Amino acid sequence: MTRFPKRYVKPTSSCPGCLAWGDFRGRLCHTCYMFGRGHDAAECVGCRRVQPLKWDYCRLCWCQARLDAKTADGQAAEGADVRVRLAAVRHQQLFFVGMHYRRRPTPPTRRKGGRRGPPRKPPPALAWRPDSGWRQSPLFEQIPRHFDRLDPSDADLASPWLAWAKYLAHRFAEARGWGRNIRFAVNRGLAVALTGHVEGDVIRHTEIFSPLRALNLPVGHIITVLAEMGIFEDDNEPSFERWLVGRLAPGIRSEAERWTRVLRDGGPRSLARKEGTVWLSLNHVRPVLLEWSNRYDHLREVTRDDVLAHIKTLHGHQRRDQLVALRSLFTWAKRQGLIFRDPTSRIKVGQNEYAVLQPLLPEQVERSVAAAMTPAARLVLALAAVHAARVAQIAALMLDDVDLGNRRLAIAGRARPLDDLTLRLLTDWLDHRRRRWPSTANLHLLINNQTANTTGQASNHWISAPMRGQDATLERLRVDRQLEEALTP
């Protein structure tokens, strides 16, 4: 008889942070773990232990001060009362894990035809941009603010700017299906960002990003609200501008930057490319430019022998892609008069030899079917293997493209009948989607944790991720379906 090892269960112990006794998984209890993520460790003023501190006191001292305030007043104390009693803490009352959680009152029993639980919190009142009236123009440029010095408990909750921001955040939440946790976190971040805000102030990306990320707040959603208010400035340097800084010789770097901007923005005799295409071209020429920058200071120093020596080390698609990118770079440089002679001229790229398409083996298809573990992955697999849909077409599917009553599915604008397998997988995914994201406002058929709170489509990378590494990828499955149709008499 085969014996399986018993699952390890952590014994009951004391938390090193708050000294509470109980059952918890990690080294610290959950509350101390979350407390330590938002505060730095140092020596506590009260108990002299090295622990994460909030206003120079550890969580154990805070719990004791809260208990003293409750004992004196007979009810739960506010943050200001607890902070006053911190200096008076001279002893520590130990407790069990979970005793200091603020438990919600038990919801009343559900009436017939009524809603269970306490009444829903009313939406924020209608608000608009505060009227600042007359205002003197600033004499100096705005001094950068230090948001990392602010604490959410010190926020100015009566600010009219915060009231307007909460109203806009509520509208975004209703339109994009933000959950309760996201709404609370957004309002908390807005309270930090708008404390002390006056007319004319500008909140910059470099000032607000690190403090909000340190508090584990959704930076993207908060920035969306601030941008809607018209008080946000995106001064973050894009990665597109940073990729060559400090890596190449000055002459080569400046010319490569000009070439990439022409590819991205277009020119008098060239069309603008997509940013993904520009990134591919940059990645193709970057290794050889890094090598040449160690020897040369300008593109005009690169010779034909240098290009040939580099091309000889490449094979297949890698050789073709890098040679095409190098020809684009040197052709542009020759047209702009930056070089005297194009070193890539008369170097043949060669014809791209495509492999002969072969049907997939049953074992390869079975391994891909076994790799599809989620309802979304199984539906994507069926759309590619049965309906020969491309990855981009699957990502662009909308809920309006599905007609379950008539058993029809529109892919790339063309309606096609639904077979029993796809219909069952589609129904399973819609049930999972309804349970997992009941409040989402995204109208795309396939969504995930990121796109459920927005209105955009899922990325092609996420769509094809479950089949990545398999012999039968989504593209191979799509081609295999077309081969089966072509070979069927």
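Start by selecting Trp55, which is partly exposed at a relative accessible area of 26%. The model on screen is predicted.

A search of the whole structure finds 5 aromatic pairs. Trp55 and Trp62 make a tilted pair, because their ring centres are 5.6 Å apart and their planes meet at 40°. The range for "tilted" runs between the stacked limit, under 30 degrees, and the edge-to-face limit, over 60.

Keep Trp62 selected and show Lys54. The charged end of Lys54 sits over the ring of Trp62, at 5.0 Å from the ring centre.

Are Trp161 and Trp164 buried or exposed? Both are buried.

Now turn to the cysteines. How many disulfides does the structure hold? The count is 0. Select Cys44 together with Cys61: the sulfur of Cys61 is the nearest cysteine sulfur to Cys44, 3.6 Å away, and Cys44 is in no disulfide. A disulfide would need the two sulfur atoms within 2.5 Å. Cys44 is buried, with a relative accessible area of 0%.

Then select Cys63 and Cys18. The closest cysteine sulfur to that of Cys63 belongs to Cys18, and the 6.5 Å between them is too far for a bond. Cys63 counts as buried, at 3% relative accessibility.

To find its centre, select Val262, Arg269, Ser270, Trp332 and Arg335, which are the closest to the centre among the 14 residues of the lining. Which elements give two or more residues to this lining? They are helix 9 (250-265) and helix 12 (316-335), so colouring these two helices, defined here as DSSP runs, shows where those contributions come from. Colouring the lining by class gives 5 nonpolar, 5 polar and 4 charged residues.

Methods: Residues numbered from 1 in each chain as written. Predicted model: local features only at pLDDT ≥ 70, side-chain atom pairs only at ≥ 80, totals over all residues. Heavy atoms only, no water. 1 Å grid on protein atoms, 1.4 Å probe; cavity = no way out; pocket = protein on both sides within 12 Å on 5 of 7 lines; lining within 4 Å. Helix = DSSP H or I, 4+ residues; strand = E, 2+ residues; numbered from the N terminus. Nonpolar A, V, L, I, M, F, W, Y, C, P; charged D, E, K, R; others polar. Phe/Tyr/Trp six-rings, centres within 6.5 Å; stacked < 30°, edge-to-face > 60°. Buried < 20%, exposed > 50% of the residue type's maximum accessible area, 1.4 Å probe, protein only. Lys NZ or Arg CZ within 6 Å of the ring centre and 35° of its normal.
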